Amino acid sequence: VFFSSGVLVGRWWNPTAKMVDGFIGKWELEHTDNFDNYLVKLGVGMALRNLAKLASPTTTISKDGDFITLATDSKMKSTKIRFKLGEEFDETTADNRNTKVREQLPLCFTILPGTPEFLDTNVSLSQTTMRMDKGKMIQTQRWDGKETTLDRELKDEKLILTCTMGDVVCTRIYRRSKC
């Protein structure tokens with residue numbers, strides 16, 4: 001059941017679910033700052049960086065119950081992720097990084113002859129999560145020991161995407177599509 005400032009989930013009030021509603025719609029890229037340096041920091045090769053800089057993507061955000069879908073389309077590549085806030089999910093990024101949730105098997109080793117010991121290594125090696133915090137939709141991608149965050153916020157009727165990896169920050173500004 002939806003209410004004006006949140007969602008009643010079971011017996012708990014969940015205003016975070018309602019925060020997503022402002023992001024719903026189709027967004028067109030208007031301006032980018034420091035995108036090439038961000039792609040370099042991600043490890044994207046020159047040829048793919050040059051193609052990415054030419055792309056003028058649109059992003060469509062939609063919601064179906066607890067699931068949110070974020071689809072990015074350009075003439076060169078399209079991606080789509082479907083997720084629940086706060087839960088890990090699989091993602092293959094536009095530059096083909098995989099942040100799929102994988103697990104390792106327990107590692108067996110011996111301290112004394114004839115006494116096997118097990119080290120629990122069942123941890124996620126890579127993951128993507130999305131959460132809401134102070135009106136921002138925050139996406140965290142972890143892979144191969146690296147991490148980047150993509151913060152989406154609404155400001156002056158624009159969607160501001162701030163991509164951060166280490167000391168490199170890229171800003172991409174989208175306007176709401178009239179279509």
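This short talk covers a sheet, the helix packed on it, some salt bridges and one cysteine in a predicted model.

I will start with the sheet. It is open and has nine strands, in the order E7-E6-E5-E4-E14-E13-E12-E11-E10, and the pairing is antiparallel. At the edges are strand E7, residues 78-84, and strand E10, residues 127-133, each of which pairs on one side only. From one strand to the next, the twist averages 20°. As a reminder, strands of a sheet pair through backbone hydrogen bonds, either parallel or antiparallel.

Take the E7 end as an example. Strand E6, residues 67-73, runs antiparallel to E7, and seven bridges join the two. Within that pairing, Phe 67 stands opposite Lys 84 in E7.

Now the helix. Helix H2, residues 35-42, packs on the sheet. The strands that H2 touches are E4 (25-33), E11 (136-143), E12 (146-155), E13 (158-165) and E14 (168-176). The direction of H2 makes about 125° with that of E14.

Next, the charged side chains. Side chains of opposite charge can pair when their charged atoms come close. In this model the count comes to nine salt bridges, and I will go through three of them.

How accessible are the two partners? Lys 158 is partly exposed, at 23% relative accessibility. Glu 30 is also partly exposed, with a relative accessible area of 39%.

Glu 30 has another partner on my list, Arg 175, and here the N to O distance is 3.8 Å. Because Glu 30 lies in strand E4 and Arg 175 in strand E14, the pair ties together parts that are 145 residues apart in sequence. Arg 175 counts as partly exposed, at 35% relative accessibility. Which residues make up the network of salt bridges here? They are Glu 28, Glu 30, Lys 158 and Arg 175.

The remaining pair on my list is Arg 49 with Asp 36, where the closest N and O atoms are 2.9 Å apart. Is Arg 49 buried or exposed? Arg 49 counts as buried, because its relative accessibility is 14% and the cut-off for buried is under 20%. Asp 36, at 25%, counts as partly exposed.

Last, the cysteine. Cys 163 is found in strand E13. With a relative accessible area of 3%, Cys 163 is buried. What is Cys 163 in contact with, leaving aside its neighbours within four places in sequence? The contacts are Tyr 38, Thr 149, Leu 150, Val 168, Val 169 and Cys 170. Asp 151 is twelve residues from Cys 163 along the chain, and the C-alpha atoms of the two are separated by 6.5 Å.

Notes
Residues numbered from 1 in each chain as written. Predicted model: local features only at pLDDT ≥ 70, side-chain atom pairs only at ≥ 80, totals over all residues. Heavy atoms only, no water. Pairing = 2+ DSSP bridges. Helix = DSSP H or I, 4+ residues; strand = E, 2+ residues; numbered from the N terminus. Axes fitted to C-alpha atoms, helices over the stretch in contact; angles between N-to-C directions. Contact = heavy atoms within 4.5 Å. Salt bridge = Lys/Arg side-chain N within 4 Å of Asp/Glu carboxyl O. Buried < 20%, exposed > 50% of the residue type's maximum accessible area, 1.4 Å probe, protein only.
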